[in-house]
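Please take a look at the protein shown here. A short tour of its contacts, rings and cavities follows.

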Amino acid sequence: MFLTIATTRSPATDLGFLLHKHPDKSQQFGSTYGTAHVFYPEASHDRCEAALLLDVDPVGLVRGSRKSGGAPDFALAQYVNDRPYAASSLLAVALGGVFRTAMRGRCEARPELVDQEWPLDIAVPAVPSRGGAAMVRSLFEPLGWAVDAEPVALDGRFPEWGESRYVRLRLTGTFRVSRALRHLYVLLPVLDDAKHYWVSPEEVDKLLRAGEGWLADHPERTLITRRYLSRRPGLTRTALERLAEVEEVEAEGFDNAVPRGEEDDAEEGSAENPRAEEERRAGSSASPSPTGGLAASATDPVASPGGRAPQATCPAASATALPGSATALPGSATGLAASASDPTVSAADPAPAGADAPMSLAEHRRRAVLAVLRRTAASRVLDLGCGDGKLLGELLKERRFAEVVGVDVSVRALGIAARRLRLDRMGERQRARIRLMQGALTYTDARLAGYDAAVLSEVIEHIDEPRLPALEFAVFGAARPTTVVVTTPNAEYNVRYAPDEAGGPGLAPGAMRHADHRFEWGRARFRSWADDVGERFGYQAEFVPVGDDDPEVGPPTQMAVFTAHPAADSDTEERTA
């Protein structure tokens, strides 16, 4: 197996600093699969090329599998295969082992080089691709690579036999070296679609770490995830749900992350799926390797306490490049104005100095909600429609919130929240402060009564408008917290999304930010709704912009803070009858 990485950036030999391999040396690294060699065919001021050659020992690979109790395989296929020649998951493992520090984005000798983008030319003479050249392009082109994938004929002497499943691959583009290596580490096994070692749950963590910053937004992320995890449905669902958490996808989208129908044709070892069983046998003859060397199951080139992990932002934030300059909370008689001496974080606070990426819109929302809750002195808080539990986690960090309750209609979303919060490992005292409950917000629920504050963050737009009165009564009439915080998208801001989209700036007319949104309101419609709810249930509504408050179309998110009138409790039923 052979791979080269070249650059023409001057001085090109600086590539050696990033790869942590000296251009004047030829180095060897042992592994359970054979020997990995690193050398430089060319190293000049104008062009530098590093090569990785993996000399696989297929016989030793099979023997090692048998000794460690690996799964049996077809006798001939164990010895007659493409492993010594075609770039596969074994090359990805070697790449992660040999260039481990480079993939983490670390270079102590020349740290200024790490975050710089380099013109790169990557060549792999033989890559197996289940899906041909089209599959190669669909995986690499969305990441910004220019792809030259030339199919290899089955036999040049007999053109009528057609093309093989192998391609000669060349990638050109401008990237950070660490990012380019991560692309290869994930996508080479995906192209091969037959991992040569046991896929354990730890592979989910490896995939997400190597895919951080690019996999969540990839149009083929489901295919990538399924193939990387050898079509194991449980691991695939877990990975996609965790990607959704990173991407700030609403909880309603989690249940459809992996269609349930795919389980039957993806289950490893299923008697009803001989093709999956055959691929498993052909792709996993190497069992878990002992630690050390370049063992596949132990190699995670991205996991490191000192590693540099790129920060992911939600699609909304990426599209608008929020500068972190949201308008401060307005002053009012109820004390929602931020004081100059107040050390707490407000909705207007910018991203921390030195942050790798702009603050996401979801982070702006959480900060704005927390700022309101702090200033209302709320102690017992409901997060209605809590989704994956990010806001719950922020609330638990502050002792002022003595009781925190998350409510969601989706049991799967609550499961994700429980995992995110690590409820099973939480200390007894902390665990006593948090509860998760399943429930529909369009029905009254006696469990929700008597709380200081309730948050409906990006919830109302997921409910059909004719059913909003039911939610209004359940929250404002029956539960009746002292403070209710509601956030929802500002439809007027949609013209600022996707400015380079064909046919004009912004989202297409009538398009919404999420497929599950039933509506998206402009500022006037939202204010009218909030004022009407306040009048009917005895609340005073104030309005807070969240995110970059555009002078023409307003902020991307609009917030209403409802405060109950003290004298309104006694006659709520009379006014809402």
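## Cysteines

A disulfide is a pair of cysteine sulfur atoms within 2.5 Å. By this rule the count is zero disulfides. Keep in mind that this is a predicted model.

Cys-48 is buried, at a relative accessible area of 0%. Cys-386 is buried too, with a value of 6%.

## Salt bridges

How many salt bridges are there? The count comes to 28. One of them joins the side chains of Asp-445 and Arg-447, with an N to O distance of 2.7 Å. Arg-447 is partly exposed, at 39% relative accessible area.

Glu-492 and Arg-523 also meet through their side chains, at 2.8 Å from N to O. Glu-492 sits in the loop between strand S12 (483–489) and helix H19 (523–537), while Arg-523 belongs to helix H19, so this pair ties together parts that are 31 residues apart in sequence.

Arg-496 lies in the loop between S12 and H19, and Asp-550 in the loop between strand S13 (539–546) and strand S14 (557–564), so the contact ties together parts that are 54 residues apart in sequence. Is Asp-550 buried or exposed? Asp-550 is buried, at 14% relative accessible area. Being buried takes a value under 20%. Arg-496, at 29%, counts as partly exposed.

Some bridges join up. Asp-14, Arg-110 and Glu-112 are linked in a network of salt bridges.

## Aromatic rings

A pair of aromatic rings is described by the distance of the centres and the angle of the planes. The whole structure contains twelve aromatic pairs. Phe-476 counts as buried, at 0% relative accessibility. Phe-562 is likewise buried, with a relative accessible area of 0%.

Trp-521 and Trp-529 have ring centres 5.7 Å apart and planes at 50 degrees, so their pair is tilted. Trp-521 counts as buried, at 5% relative accessibility. Trp-529 is also buried, with a relative accessible area of 5%.

Which residues form one aromatic cluster? They are Phe-476, Phe-519, Trp-521, Phe-526, Trp-529, Phe-537, Tyr-539, Phe-543 and Phe-562. Both pairs described above have their residues in this cluster.

## A buried tyrosine in a loop

Tyr-451 lies in the loop between strand S10 (434–438) and strand S11 (453–457). Is this tyrosine buried or exposed? At 3% relative accessibility, Tyr-451 counts as buried. Along the chain, Tyr-451 and Arg-480 are 29 residues apart.

## Helix H16 and its end

An α-helix has 3.6 residues a turn, so residues three or four places apart point the same way. Helix H16 spans residues 411–421. Which of its residues are buried? They are Arg-412, Ala-413, Leu-414, Ile-416, Ala-417 and Leu-421.

Just after H16 comes Arg-422. Arg-422 takes a positive phi of about 55 degrees.

## Cavities

The structure holds two cavities of 30 Å³ or more. The second largest cavity has a volume of about 50 Å³. What lines the second largest cavity? Its lining is made up of Leu-18, Ala-102, Gly-105, Arg-106, Val-114, Val-177 and Ser-178. By class, that lining has four nonpolar, two polar and one charged residues.

Methods:
Residues are numbered from 1 along each chain as its sequence is written. This is a predicted model: local features need pLDDT of at least 70, side-chain atom pairs count only at pLDDT 80 or more; totals for chains, interfaces and linings use all residues. Side-chain values use heavy atoms; hydrogens and water are left out. On a 1 Å grid over the protein atoms alone, a cavity is a set of points where a 1.4 Å probe fits but cannot get out, and a pocket is an open set with protein on both sides within 12 Å along at least five of seven lines; lining residues have an atom within 4 Å of a point. Grid points are joined across faces, edges and corners, and a volume is the space filled by probe spheres set on the points. Ala, Val, Leu, Ile, Met, Phe, Trp, Tyr, Cys and Pro count as nonpolar, Asp, Glu, Lys and Arg as charged, and the others, Gly among them, as polar. A salt bridge is a side-chain nitrogen of Lys or Arg within 4 Å of a carboxyl oxygen of Asp or Glu. Buried means under 20% relative accessible area, exposed over 50%, partly exposed in between (1.4 Å probe, protein chains only). Helices (H or I, at least four residues) and strands (E, at least two) are DSSP runs, numbered from the N terminus. Rings of Phe, Tyr and Trp (its six-membered ring) pair if their centres lie within 6.5 Å; planes under 30 degrees apart count as stacked, over 60 as edge-to-face and the rest as tilted.
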